[in-house]
Structure formats: C-alpha cells, structure tokens
Amino acid sequence: MKPLEVLNDKFTNTDKNRRDFHQVANQKIAHAKQHHHRIGLLLINLDNFQSININYGQSIGDKLLLETHERLASCLSAEDFISRIDGDEFVIILGNITTAKEAQAAIRKLLKCFKIKYSLDGTSARIHASIGAAYYPHAGKDSHALLESVAICMLHAKSLGGNNCQHYSEKLRKKHQKESYLENALKFALENKELFLTYQPIFNLPTKEMVGMEALLRWRHPILGLVPPDVFIGLAEKNGLIATIGEWALQVVCKQAKEWYNTGYNHFKISFNISSNQLLQKSFPQKMMTTFKDTLIPSHLLDIELTETAFLTHASYFETILKKMAKTGIGITIDDFGTGHSSLLRLKNLPIRALKIDKSFVLNITPHSFNAIIVNSLINLGGKLGLNVIAEGIETNADLQFLINNGCLQGQGYYLCKPLNAKQMTTFLKKNKK
Ligand code: C2E
Ligand code: CA
Ligand code: CA
C-alpha cells in the first residue's frame, strides 16, 4: 500500500484544503445572503483514530481516511463540498439548506456512513465519529466564525464520549467561552497566589477524636470568587496544568504538615488527592519523594487518595508505582469508592490502606434506602478486606448515627467540621488538644 502523499496530493495537502474551504464557504455565504437561504456546516472528527494508526500501522490508517472521504462524498449533492482539513478531520458544507428538516435529513444520511464496518487488514471494525453541526447565518457570518462554531460543537461531541452529533447553540458557545476564560485565568492563578489549601478533619466516629485530615485545593479568582475544584481541576487535567499545580500543592501540604508535626500535632495523617494524570507522569513519584525528603516529613503521616477509575487504564503501571510508594510508608486510599468501575480482583493486588465512601451515597441517608444498602455493603466489604473505611459527606446527626450503627469507624463531613484554612486549622488543633 502506498502512503497517502503518493495516492492523492489533493487529499493530503490539508493547509491548501483549509484555504480552499474558506474560499468556497465565503462564496456560498455571499450567495446565501443574496437569496436568503441557509448553509449547513459539519465538522467530522474520527474517534480514537490514533489507536488505529498505532495498532494497524499508518498505511491502514491512510486507507481508512480515504475510504471515509469517499463514503461521505457519495452522500453529497452538487452544491455541497467536502474537504479533509486536518489529520482525521473532514469539513462538509451543505450548500443549499432551506429548512432545519432538510439539514437533519442530510446529517442522518452522512451518519449512516459510519454504520458500515471498515475492513482493516483482514479484520472488520466499526469506526465512530464526533460531529459538530452549525448553520449560516445563525452560528456565524463568515467562514472563520462558522468554522469556530462548528469546532465548539465537535469538541462538545467528543467530550460526551464521541459517536454523536452536536448542534450549535448560543448556550454551548457561552459554556465554551467560560471554560476558555477559566482555562486561561488558571494559567496565572499560581503566580498570582490565587490558589490555597484547606484541610477537613477526619474523625473516629464513635469517639469523635480527630484521626486525620484531607487537604483540599481552593482557587479564589479576583472577579469570579471561589471557583469549585470540581470545575478547575477538570480543566487543569485537560490542559496539563495539573502537574505544576499538583506539585505546588504537595509542597504546601508537606510544609504545613511538618509545621504542625513540629508543634506536637503528630498523631494524625494528612490525605492528599492525586489525579491519575499526575501519576501517569513518569517523574511524579520521584518528585514526591524529593518533597518528603526536603520537608523532612515522615512519609507514614501522608496518605494519597486516588479514584478507582484511575486504575481502569494503565492498571499494571499504577500497580508498580503504587507498590513502590507504599514501601516508603505512604498510605493509599481509594477515593469515591463505589462510583467508578473498580475491579475487586485488581484492587486486591494493590497496597491499599483505606476505602473512602463517596458523599453521594452518604448525604441524607435513610434506613432501608438503596444508599443505605450500598453503604452498609461497602463498610462490610472494606472491613472483610482488612481496610479502613472512611465515609465522606456526613451532614446530619442522622447520617452520623447510621454510619456508627453500621460499623463505620471513620468519617468527615460538614456536620462534624467544614474544610478550614491553615490558620483556622491551627486554632482548631489548639482547641482540641488533649
Ligand atoms: P473529593 O476528594 O471527593 O473531596 C471531598 C469533597 O467533599 C470536598 O469537596 C469536600 O469539601 C466535600 N465535602 C466534605 N464534607 C461534605 C459534606 O458534609 N457535604 C458536602 N456536600 N460536601 C462535603 P471539594 O473540596 O469541593 O473538592 C471536590 C473534588 O475536587 C474532590 O473531591 C477532589 O476530587 C478534587 N480535589 C480537591 N482538591 C484536590 C487536589 O489538591 N488535587 C486533586 N487532584 N483533586 C482535588
Ligand atoms: Ca478525596
Ligand atoms: Ca468523594
């Protein structure tokens, strides 16, 4: 099989294809403006194309791209236009659309192309795509504005797991703009000293004695105020900033832990959340050890919290580094237990010290409810495996009593104590000193 370059220069010269697209689109826009009709724009990006190249080789990948182009082109009419404008990305102009119904029908026809299996080196496989759809004049007045709108839709389709088509709306654009704004602002959050850590105590539930605390990252943006970690951590993971932010946070936590340790508060552990992206960075475990060494913090005082979903991918790699970490005395807790897809068999091989039951199961738990059954089962499972079980999200005395009655020994929640900044935590520790 010849490489694409030899096969078809028109197909491979994506820079030229992009220029051609803008030219054709603007011509069609001018025509549409005159005749008051609409134009449909579709952006089609194949899902997991990279893995086809890796698993089958580039020439099979090239063949698949050509075949996709042919399949899509065969569904189009004379007024339409198709071009490959990037690696596995195709743009289609539906040249003459008068009603939304017409556009939907054209899209349905194109989607059918992906229902047919592809033959890849003797094996047949289904290929899916993430598709964005936008219309002139609603989504943009020129080719650049339209392409930007349709790219937002395609990226949204990707973020929903691929294999779907998303249509343009103002709401979607606003969401995207907000995310881009936050993503940009987050790049400066560290140097502008907008990030800080809070610490939420973890208690022995029957005795109310504090046994640990969880470090939780906060971002106070000068205009937006406190941005929830659920929002900005996702963004930091997406753009890779989590590595820098995570390293900084770990240093702050270790320094703070050492300060408390030196003033005599040495009977509790500090838990620290780590995202799987951080662990995937080969240099991370070493950096972590260096931080412990530099801050002279005994590693058995630290616990890292990882969600079970982290183990789904790269399981054996995680197993190796977690075993290395555990050898140094660091504890490992499975966070949000019960919400992901853990394999108990896999967990059995990991050096885990504790399971954390996610707050979604604990909040306002009522006896005999579905959540009550889950929580009770998780407590029993953890106990039988010889693990510490920690409940999260205890908001009422009823939650607390349910957990105690069902044998859960440790927990955290607003009912017991909200996350505190370092200064507040020092006061809290002083007040509770025996
Ligand atoms: P998580 O690890 O499940 O953390 C527990 C969350 O539950 C925290 O939310 C905590 O403030 C909240 N919480 C504690 N008690 C209660 C309660 O009684 N009721 C309710 N409704 N919530 C309670 P937070 O601080 O907003 O953190 C959200 C998530 O952000 C964390 O979930 C964790 O996944 C992530 N996160 C926070 N800090 C870090 C960090 O330093 N690194 C990484 N990678 N992720 C972090
Ligand atoms: Ca956690
Ligand atoms: Ca949780």
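Q: How far is a polar side-chain atom of N273 from an oxygen atom of ligand 1?
A: Keep in mind that this is a predicted model. N273 also gives its OD1 to the calcium ion (ligand 2). Its polar side-chain atom and the oxygen atom of ligand 1 are separated by 3.1 Å.

Q: How much of the accessible area of ligand 1 does the protein cover?
A: Ligand 1 sits in the largest pocket, and 23 residues surround it. E395 puts a polar side-chain atom 2.5 Å from a nitrogen atom of ligand 1, while for E214 and an oxygen atom of ligand 1 the figure is 3.3 Å. Of the 810 Å² that ligand 1 has on its own, the protein covers 88%.

Q: Which element gives the most residues to the shell around ligand 1?
A: Strand 9 (209–221), helix 9 (229–239) and strand 13 each supply at least two residues. The top contributor gives four residues, and that's strand 9.

Q: How many residues apart in sequence are the parts that E305 and D335 tie together?
A: Both residues are protein donors of the calcium ion (ligand 2), alongside E214 and N273, at 2.2 to 2.4 Å. E305 lies in strand 12 (residues 302–307) and D335 in strand 13 (residues 331–337), so the pair links parts whose separation in sequence is 30 residues.

Definitions and conventions. Residues numbered from 1 in each chain as written. Chains lettered and ligands numbered in written order. Predicted model: local features only at pLDDT ≥ 70, side-chain atom pairs only at ≥ 80, totals over all residues. Heavy atoms only, no water. Donors = N, O, S within 2.8 Å, 3.2 Å for Na, K, Ca; no water. Near = heavy atom within 4 Å. Polar contact = N/O pair within 3.5 Å; in protein donor to acceptor, adjacent residues only side chain to side chain. Areas by Shrake-Rupley, 256 points an atom, 1.4 Å probe, with all protein chains shown as cover. 1 Å grid on protein atoms, 1.4 Å probe; cavity = no way out; pocket = protein on both sides within 12 Å on 5 of 7 lines; lining within 4 Å. Sits in = over half its atoms within 2 Å of the grid points.
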